[in-house]
Amino acid sequence: MVRDDNTVPTNHEVGFAAWLAKPDMTGGLVVALQQPSKSQVYTADVEWVRDECDTLAYLDKSLAFFDGPGGLEATSVFDAFPFITEKISSEELSNEAKLANDTFICMVEAKKPEVLFACWRIYGQDDLYFSGKGPGNTSQVESLRSPNGHVVRVVNGFHPSYAVNYYPNESCFRRLFAMELCKAFCELNAAWQEVDWMDDLRRACRERTLQLRNEKVRDGEQLTVERGRELRGTKAINTAKKYDAYTKSFDSGLGGIKHIFDHMVSSLFPMQSTWDLYTYFVVDLNTSEAICDALLAVTEAMKQFDSESSLPESALVELGKHISGKTLKFVEDDIPDLVNCERGLYENLWSNRYMASTSRGLTRDMEKITIRFIEGLTKSFSESSTGWEYFPDLMHDAFKEFAVSFEDALGKEYDDHEKTALANAANSFPNSGFGKVGCKNNADTVIFHRKLF
């Protein structure tokens, strides 16, 4: 392909695009991205090129989670504007862009995928073939007939860079991306089932997108004024804004976690059914998002201890200090206040409250999960003659275990509730065969309650 400026793609660039397009077979799933970043460096080492791009590295891990260890090697990835060097906008496409997009269409025709996961969109040009609709803008699977007559089912997605580079502190976008990617894989086997919480997540992400756009928040990224294929921003030299966003996410997330503990010492908690408790945490408080936002901030702060890094950025160090200080107050002051005990780092305060508990279901799980969380956080701090010190790896482990266990408990409660509802319906209509209608694998629809990263 000869570009308008008479340049051609390098051999390494072509080689990497060919590697992304593998495996060499027709059918299956194609993930459609938009175009490479202008800053992308190409070498013969395709794994290095993949890992150097945060977007592709995230996509590789996401694919590996749903489809096995192959990741990008096992799933074809096409760019809607391959090898293009110009910046694509909502204005009329240039001749170069049109030719590049024609190449993309030819690739889809040759591949003949059953499903295409559309992770790109040009605002103002929503009529482009095989483009997406934007984050959470539709749950419909569109069937498109390519010029050669092959029909492709298109699942709406959004560019993974949105979650990785634009708003990495917002866990709701990671949830949405995971959900839509799983939907794309399930469409291969017609095993997908839409349920109410999925549209709730889409709506929340639409609202959050609009809010962030209005606030003009870019979490450490800035748009480039340079001509080229840089569509998704470049990291700003000053990352203070990015870490300020993480700080706000952690504070908000920790506030959501505190709501859990406040509720567990209330008179309502022991009286709620397990499904009422599920509804309270998932619908009323959206606690999962709060926990995951906090975890994302803690995970980001851990980067200051990366052995491969040189002197960590001051803003990253300050983020870690902020998180450790807030967490210390939580376990040293807030928890003792809740259980009416003397303030301090006492590991057994929370567990003593439920020592004789006979709770069952989600209530019992919540008691066990919160006890482990407080004990884990307490072990993250050590008092000394000069004050205290903390062990960031233990703190990170505590937040991660809390997030995973919380999602597992919610998923189990959701599954149990669905099974009970189906059994009750079958008993009400014993001869109708109702119990077999819509009985799809709940693991496909609940997995996003449990696996987020």
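Buried means under 20% relative accessible area. The views below come from a predicted model.

**View 1. Thr378 in helix 13.** Thr378 sits within helix 13, which covers residues 361-379. Its relative accessibility is 8%, so Thr378 counts as buried. Beyond neighbours within four places in sequence, Thr378 contacts Val331, Leu345, Tyr346 and Glu347. Phe330 is 48 residues away from Thr378 along the chain, and 9.8 Å separates the two C-alpha atoms.

**View 2. Ser351 in helix 12.** Helix 12, residues 349-353, holds Ser351. Ser351 counts as buried because its relative accessibility is 12%. With residues up to four places away in sequence set aside, Ser351 touches Ile371 and Glu375.

**View 3. The second largest pocket and its centre.** This pocket has a volume of about 1000 Å³. Its lining comprises 44 residues. Nearest the centre lie Cys172, Ala204, Asn286, Glu289 and Ala290.

**View 4. Helices around the second largest pocket.** At least two lining residues come from each of helix 6 (171-187), helix 7 (196-215), helix 8 (240-264), helix 9 (274-284) and helix 10 (287-301). Helix 7 contributes the most, with 11 residues.

**View 5. Residue classes in the lining of the second largest pocket.** Nonpolar residues number 17.

Terms used:
Residues numbered from 1 in each chain as written. Predicted model: local features only at pLDDT ≥ 70, side-chain atom pairs only at ≥ 80, totals over all residues. Heavy atoms only, no water. 1 Å grid on protein atoms, 1.4 Å probe; cavity = no way out; pocket = protein on both sides within 12 Å on 5 of 7 lines; lining within 4 Å. Points joined across faces, edges and corners; volume = space filled by probe spheres on them. Helix = DSSP H or I, 4+ residues; strand = E, 2+ residues; numbered from the N terminus. Nonpolar A, V, L, I, M, F, W, Y, C, P; charged D, E, K, R; others polar. Buried < 20%, exposed > 50% of the residue type's maximum accessible area, 1.4 Å probe, protein only. Contact = heavy atoms within 4.5 Å.
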